[in-house]
Amino acid sequence: MQPKTPMYWEDFTAARRDRILEQADPLISDYYAGRFIASDDERTENLLDLLTSQQKDKDFRALYFSVFNRILMSSDGALAEMLGPYAIKMVCEEPEYILTYLRENKTLEEEYAHSIGTEILLSQGLSADEGTSMKSVKESVLSKTGDKGLVEPFLRRIESFISISLAWEQVPHIKPDSTATLTYKSKAQFEALYDRVDSGDESALQVLEHDVLYQELYSPACSWYCGGEILSVKASSHLAPIGNMTYEAGNAHDFDHERVWAEGVDGLGIGEYLEYEFPGNCPRITTVKIMNGYVKNETVWKDNARVKQLKMYYQGKPYAILDLEDTRNLQYFNVGVLGPYDADAPNWKLRFEILEVYEGEKYEDTVISELYFDGIDVH
Ligand SMILES: [Ca+2]
Ligand SMILES: [Ca+2]
């Protein structure tokens with residue numbers, strides 16, 4: 001077997017580094033030796049142009065990459081803002097070389113993702129020729145390498161940075177993208193249908209196949225949940241059990257429309273919340289589905305309060321306000337793309353806080369029967 005060829009600056013011997021530095025442009029060797037500090041000036045701009053110029057020589061390539069990383073890691077303010085286009089150029093020029101290194105250096109990878117993500121955010125509102133978009137970065141990188149396993153985790157880091165930054169700046173309202181009319185059957189009615197299917201009754205099968213409630217909660221067919229994983233569902237409070245009926249957080253995510261979460265504080269529960277925790281490698285979420293109120297039957301639905309607005313927090317930051325309709329129909333909210341989908345990423349959370357309610361006729365208990373998800377990265 002051939003010994004591994006040193007590719008990166010820190011793999012080189014000190015003697016070899018000295019030789020390379022002697023031959024390098026003085027601008028680079030001066031910066032390397034600490035004879036000037038990078039800032040948002042012309043000299044730094046010239047240095048950055050040089051560092052991100054196309055470089056076929058492997059020795060120089062290692063030096064340029066190393067020096068650029070040092071600038072990136074130590075920059076802030078105006079210089080940091082200036083680096084975005086250079087970070088993009090760096091990655092797009094030789095994605096395999098750069099991304100292989102970043103994969104092993106997560107802090108540096110995060111810096112690149114922030115720098116490129118910031119540049120994309122700053123370009124919003126500019127035309128395609130003037131600005132940089134997620135799409136143009138993606139196309140540019142993929143035109144240089146077909147290694148999607150290397151490229152896609154990095155692109156997701158950028159997208160995740162953009163989602164969090166946008167959420168921080170503004171909290172948009174999201175109305176239901178669509179709703180589905182549900183014909184509510186009790187579990188006993190479903191059981192009766194299953195029995196008929198088991199005994200070969202085609203018409204019972206037809207009924208189930210056209211029943212949205214069955215398809216959503218009770219069918220064993222494939223869904224996002226074939227890969228989607230939720231570690232826990234918690235709530236800030238819940239109503240104490242009445243008889244053998246509980247109202248705890250998990251009931252909002254038990255695929256049982258008759259069991260519900262009800263907040264447990266005096267009054268209508270403004271400020272109370274549900275919180276879902278996901279592992280880093282959970283497939284990403286694009287849709288939140290909600291059965292609002294105590295949907296089991298029309299009477300209990302009217303008697304108890306329903307949610308009018310849910311404030312959604314992603315990674316602990318306000319992300320969106322879901323404007324719910326006052327209906328027993330299933331409501332689908334298109335929430336963008338959520339989650340890092342990366343085994344190395346830490347667990348993450350979504351919180352849904354009650355901001356406003358539709359009051360019930362009898363009780364000051366605000367209820368959610370189901371809050372669950374759909375998404376991508378599965379199948
Ligand atoms: Ca439930
Ligand atoms: Ca209450």
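Two strands count as paired if DSSP finds at least two bridges between them. With that in hand, welcome to this predicted model. The domain assignment of the protein chain gives two parts, domain 1 (9-169) and domain 2 (173-375).

- In strand 10, Y358 is the bridge partner of R306.
- R306 belongs to strand 7 (residues 306-314), which is joined to strand 10 (residues 348-358) by 8 bridges.
- Strand 7 and strand 10 run antiparallel.
- Both strands sit in an open sheet of 6 strands, whose order is 1-8-7-10-5-3.
- The pairing across this sheet is mixed.
- Its edge strands are strand 1 (173-174) and strand 3 (232-235), and each of them pairs on one side only.

- Another open sheet has 5 strands in the order 2-9-6-11-4, and here the pairing is antiparallel.
- At its edges are strand 2 (178-180) and strand 4 (261-262), each with pairing on one side only.
- A180 stands opposite L330 in strand 9.
- L330 is also the bridge partner of M291.
- Strand 9 pairs with strand 6 over 6 bridges, in the antiparallel sense.
- Next in the order, strand 6 (residues 285-292) pairs with strand 11 over 7 bridges, again in the antiparallel sense.
- Here N292 stands opposite I368 in strand 11.
- Strand 11 is mostly covered, with 8 of its 9 residues buried.

- Helix 5 (residues 77-93) packs against helix 7 (residues 106-122) at an angle of about 115°.
- The axes of these two helices are 8 Å apart.
- The crossing of helix 5 past helix 7 is left-handed.
- On the helix 5 side, the contact is made by L83, G84, P85, A87, I88 and V91.
- On the helix 7 side, the contributing residues are Y112, S115, I116, T118 and E119.
- Sorted by class, this contact has 7 nonpolar, 3 polar and 1 charged residues.

**Where the two domains touch**

- How far apart do the C-alpha centres of domain 1 and domain 2 lie? They are 43 Å apart.
- The domains do touch: 9 residues of domain 1 are in contact with 12 residues of domain 2.
- Which helix gives the largest share of the domain 1 side of this contact? Helix 9 (residues 148-169) does, with 8 residues.
- By class, the side of domain 1 that touches domain 2 has 4 nonpolar, 2 polar and 3 charged residues.

**To take away**

- Then turn to helix 9, which supplies the largest share of the domain 1 side that touches domain 2.

How values were computed
Residues are numbered from 1 along each chain as its sequence is written. Chains are lettered from A and ligands numbered from 1 in the order in which they are written. This is a predicted model: local features need pLDDT of at least 70, side-chain atom pairs count only at pLDDT 80 or more; totals for chains, interfaces and linings use all residues. Domain bounds come from an automatic or database domain assignment. Two residues are in contact if their C-beta atoms, placed from the backbone, lie within 7 Å. Helices (H or I, at least four residues) and strands (E, at least two) are DSSP runs, numbered from the N terminus. Ala, Val, Leu, Ile, Met, Phe, Trp, Tyr, Cys and Pro count as nonpolar, Asp, Glu, Lys and Arg as charged, and the others, Gly among them, as polar. Axes are lines fitted to C-alpha atoms, for helices over the stretch in contact, and angles run from 0 to 180 degrees between N-to-C directions. A crossing is left-handed if the near helix is turned anticlockwise from the far one by less than a right angle, and right-handed if clockwise. A residue is buried if 20 or more other C-beta atoms lie within 10 Å of its own, exposed if 12 or fewer, and partly exposed in between; C-beta atoms are placed from the backbone.
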